[in-house]
Amino acid sequence: MIDLHIHTTYSDGTDSVEELLKKAEDKQLEVISITDHDEVGSYFELEKDKKLRNLYSGKIIIGAELKTVWNRVPIEILAYGIDYKKLRIHKINMKELQKEVLEKLKKVARDLGLIYDEKNVYIDENDPTKRFGSFTIGTELLKHKENLKKIKEIGEFVPTSFYRVHQSNKNSPFYVDETYASIDIDETISRIHEAGGLAFLAHGYIYPFDDKDKTIEEILSTTNIDGMECVYTEFSEEERKKAMRFCKKYNKFMSGGSDYHAKNKPDINLGTGRNNNMKIEKSLIEPWINKVRYI
């Protein structure tokens, strides 16, 4: 069993690298990939502390999850097998961007008559629960029972889904366009290839595309992307089958992962997803695992 979509405290997960590796070993996962958002700090830590790597006996595919854009919709690309020292990550002032986003989300909340406690709504780069405006405001709005009726009207969410359900959804009153701060999908894929890696579309069915099947096919058929995440915690069985069918149709590689964030997504377990709703066999990645770097 494998899990190629995992986050640590280097982005918005709450497990340290050490904690994560111990859990992966306990679960006897054969292959994992730490895929923090626009960040490869875990691999520098593993390089520095050789004893840390010995906590886990399986393979670790060097990875990252990179924010990019498709037709003004923010999406992510999973980079696998990269030379993490050569990957050109698109750097922005994330703290300032998220402060700007949060102020816009707070204004929308006020305009809708939603209640929140100002002292709980701020950006803190050192707190995984406060790094992103969407997670911060979503968490706070759900604390107040007075908001629940309005939330039902505009679209229910949990803190981790606020970004997809509302902030990046053009049909939501909470829509905030932050794509100006990202680079496009072609440049993102090019940078992954430049660093010797393979590029995979991450969780294609969770994006707010008007026609998800059509858009996924367009991405697979018109870009130089190498593959797609086909097994994912939030996918229905039908979506998994369609994703695999599209990969076969366009001769793309397949991957799968839980999107584990520990306490920030407490209902999602490492390797098995939500309520053990996924099990990713190593055979899924055998066509490409020997083409990429792992440690």
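This is a predicted model: local features need pLDDT of at least 70, side-chain atom pairs count only at pLDDT 80 or more; totals for chains, interfaces and linings use all residues.
**Helix packing**

Two packed helices are described by the angle between their axes and the distance between the axes. The table sets out these values for two helix pairs.

| Helix pair | Angle between axes | Distance between axes |
|---|---|---|
| α9 (residues 212–222) and α10 (residues 237–249) | about 30 degrees | 10 Å |
| α4 (residues 94–111) and α5 (residues 133–141) | about 35 degrees | 8 Å |

Helices α9 and α10 pack at an angle of about 30 degrees, and because angles under 35 degrees count as roughly parallel, α9 is described as roughly parallel to α10. The crossing in which α9 passes α10 is right-handed. On the α9 side the contact is made by D213, I216, E217 and L220, which meet K242, F246, C247 and K249 of α10. Sorted by class, the residues of this contact between α9 and α10 comprise four nonpolar and four charged residues, with no polar ones.

Helices α4 and α5 also cross in a right-handed sense. Here Q98, L102, L105, K106 and A109 of α4 are in contact with G133, S134, I137 and L141 of α5. By class, the contact of α4 with α5 is made up of five nonpolar residues, three polar residues and one charged residue.

**Pocket and cavity**

Rolling a probe the size of a water molecule over the atoms shows where empty space is left. The second largest pocket holds about 250 Å³ of space. This second largest pocket is lined by 13 residues, of which V73, K170, P208, F209 and D210 are the closest to its centre.

How many cavities of 30 Å³ or more are counted in the model? The count comes to one cavity, and the space in the largest cavity is about 50 Å³. Its lining is formed by D38, L66, K67, R88, I89, H90, I183, T188 and R191. Strand β4 (63–70) and helix α8 (185–194) each contribute at least two residues to the lining of the largest cavity. When the residues that line the largest cavity are divided by class, three are nonpolar, two are polar and four are charged.

Key:
Residues are numbered from 1 along each chain as its sequence is written. Side-chain values use heavy atoms; hydrogens and water are left out. On a 1 Å grid over the protein atoms alone, a cavity is a set of points where a 1.4 Å probe fits but cannot get out, and a pocket is an open set with protein on both sides within 12 Å along at least five of seven lines; lining residues have an atom within 4 Å of a point. Grid points are joined across faces, edges and corners, and a volume is the space filled by probe spheres set on the points. Axes are lines fitted to C-alpha atoms, for helices over the stretch in contact, and angles run from 0 to 180 degrees between N-to-C directions. Helices (H or I, at least four residues) and strands (E, at least two) are DSSP runs, numbered from the N terminus. Angles under 35 degrees count as roughly parallel, over 145 as roughly antiparallel, 65 to 115 as roughly perpendicular and the rest as oblique. A crossing is left-handed if the near helix is turned anticlockwise from the far one by less than a right angle, and right-handed if clockwise. Contact means heavy atoms within 4.5 Å. Ala, Val, Leu, Ile, Met, Phe, Trp, Tyr, Cys and Pro count as nonpolar, Asp, Glu, Lys and Arg as charged, and the others, Gly among them, as polar.
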